[in-house]
Amino acid sequence: MTYPSPIRRAGGPPPTLLAALQAADRGWHVFPLRPGTKRPALHGESRCPRTGACLGGHVKWEDRATTDRERIACAWEQGSFNIGLATGPSGLVVVDLDVPKEDAAGPGGAEVFAALCERAGQPLPVTFRAGTASGGEHLYFAAPSEIRLGNSAGLLGQLVDTRAWGGYVVAPGSVTPGGAYTVLDDAPVLPLPGWLLEALTARQESSRPRGGVPAFPAVSGSRAARAALERECRNVQAAPAKQANNTLNRSAFLVGRFVAWGDIDRQVVEEAFQGAGESRGLTAAECRATIRSALDSSLRKARPREAA
């Protein structure tokens with residue numbers, strides 16, 4: 001990755017540069033996010049100039065993330081970029097504990113995670129912990145060396161996501177209109193607890209369809225499609241028991257339009273909903289039939305994007 005030469009500013013380096021360098025000093029690979037947002041500031045594949053690092057083909061943000069202090073300084077001295085932390089290259093698994101929406105009932109991610117710990121007979125892990133702009137928390141763990149984990153959305157429980165290979169989190173020092181990302185506990189980063197690794201892999205295995213692909217891979221597709229898929233999977237997991245199948249049918253139908261538009265692969269959608277449905281208590285066969293029927297119907301009825 002090649003950045004422009006740094007612009008020297010009066011009054012010292014911007015705070016986000018210092019925070020990015022601190023993250024890099026920990027061995028965490030960072031890349032710039034647009035100021036005040038959670039979106040990568042690097043060019044996308046559709047606008048790739050095929051020059052510099054991309055001369056041989058587009059290089060994505062996960063591969064551009066770096067710990068090189070000079071390259072980081074060259075980037076952040078151009079502006080007050082927020083800080084993206086690529087979890088996979090950084091050797092991290094980050095547990096994202098979200099908070100319910102204002103109009104939503106039920107426990108938040110922190111309460112759900114505490115219940116998971118209690119059920120496993122384990123204390124709440126004391127590890128590096130960051131606060132998010134929405135009031136949630138990020139728990140940082142060192143990724144296991146024996147398995148390459150991807151992202152998950154709600155696989156462990158409602159409002160409990162994980163970010164590993166294929167994912168990133170907004171690092172402390174970043175600021176959005178909704179608030180700042182801060183360090184809540186500067187404790188050493190613990191290895192991912194064995195019981196948590198077992199819970200992640202066991203639930204992925206139990207949600208594995210015949211094709212053998214985990215139900216919650218590192219999801220591809222457009223940003224809107226990813227957001228819709230994660231939101232609807234959460235709706236399925238939070239549905240009352242008697243409404244679980246109807247909710248699965250409705251949620252899969254809603255996401256089907258993104259499949260019709262080519263924003264996300266159908267297999268990715270099927271696998272994600274399969275995991276969400278089974279974690280809510282539906283049988284594997286029931287999930288497969290409902291998801292297939294809902295997506296087929298959605299694809300038949302989907303309007304062109306410009307008419308939606």
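Mentor: Let us begin with one side chain: that of Thr 127 reaches the backbone oxygen of Pro 188 at 3.5 Å. Please bear in mind throughout that the model is predicted.

Trainee: Is Thr 127 buried or exposed, and how do you know?

Mentor: Buried means under 20% relative accessible area. Thr 127 has 2% relative accessibility and therefore counts as buried. The residue is found in the loop between helix H4 (109–119) and strand E4 (129–131). Its contacts, not counting residues up to four places away in sequence, are Leu 139, Tyr 140, Phe 141, Asp 185, Ala 187, Pro 188, Val 189 and Leu 190.

Trainee: Why does Cys 48 count as buried?

Mentor: The same cut-off of under 20% applies, and Cys 48 is at 12% relative accessibility, so Cys 48 counts as buried. Cys 48 lies in the loop between E1 and helix H2 (61–64). Leaving aside neighbours within four places in sequence, Cys 48 is in contact with His 43, Cys 54 and His 58.

Trainee: What share of the protein is buried?

Mentor: Buried residues account for 46% of the 308 residues. The secondary structure comprises nine helices and 12 strands.

Trainee: Which residues of helix H1 are buried, and what covers them?

Mentor: In H1 (residues 15–25), the buried residues are Thr 16, Leu 17, Ala 19, Ala 20, Leu 21, Ala 23 and Ala 24. Their cover includes E1, H3 and E2. Just after H1, Gly 27 has a positive phi of about 90°.

Trainee: Why are E1 and E8 said to stand at the edges of their sheet?

Mentor: The sheet is open, with three strands in the order E1-E2-E8 and antiparallel pairing. Strand E1 (30–33) and strand E8 (168–170) each have a single partner strand, so one side of each has no neighbour in the sheet. From one strand to the next, the twist averages 35°.

Trainee: How do you know that E1 and E2 are paired?

Mentor: Pairing requires at least two bridges between the strands. Four bridges join E1 to strand E2 (residues 82–86), and the two run antiparallel. Pro 32 stands opposite Ile 83 in E2. Helix H3 (residues 69–76) packs on the sheet, touching E1 and E2, and its direction makes about 5° with that of E1.

Trainee: What makes E6 and E7 a pair, and what lies between them?

Mentor: Strand E6 and strand E7 (residues 160–163) are joined in the antiparallel sense by three bridges, where at least two are needed. Ser 152 stands opposite Thr 162 in E7. The two strands form a hairpin with two residues between them, and Leu 159 in the turn has a positive phi of about 65°. Strand E6 (residues 152–157) is mostly covered, as six of its six residues are buried.

Trainee: Why is H7 called roughly antiparallel to H8?

Mentor: Helix H7 (residues 244–260) and helix H8 (residues 266–279) pack at about 160°, with axes 10 Å apart. Angles over 145 degrees count as roughly antiparallel, so H7 is roughly antiparallel to H8. The contact is made by Leu 248, Ser 251, Ala 252, Val 255 and Val 259 of H7 with Arg 266, Val 269 and Phe 273 of H8. The crossing is right-handed.

How values were computed: Residues numbered from 1 in each chain as written. Predicted model: local features only at pLDDT ≥ 70, side-chain atom pairs only at ≥ 80, totals over all residues. Heavy atoms only, no water. Axes fitted to C-alpha atoms, helices over the stretch in contact; angles between N-to-C directions. Contact = heavy atoms within 4.5 Å. Buried < 20%, exposed > 50% of the residue type's maximum accessible area, 1.4 Å probe, protein only. Polar contact = N/O pair within 3.5 Å; in protein donor to acceptor, adjacent residues only side chain to side chain. Parallel < 35°, antiparallel > 145°, perpendicular 65-115°, else oblique. Left-handed = near helix turned anticlockwise from the far one by under 90°.
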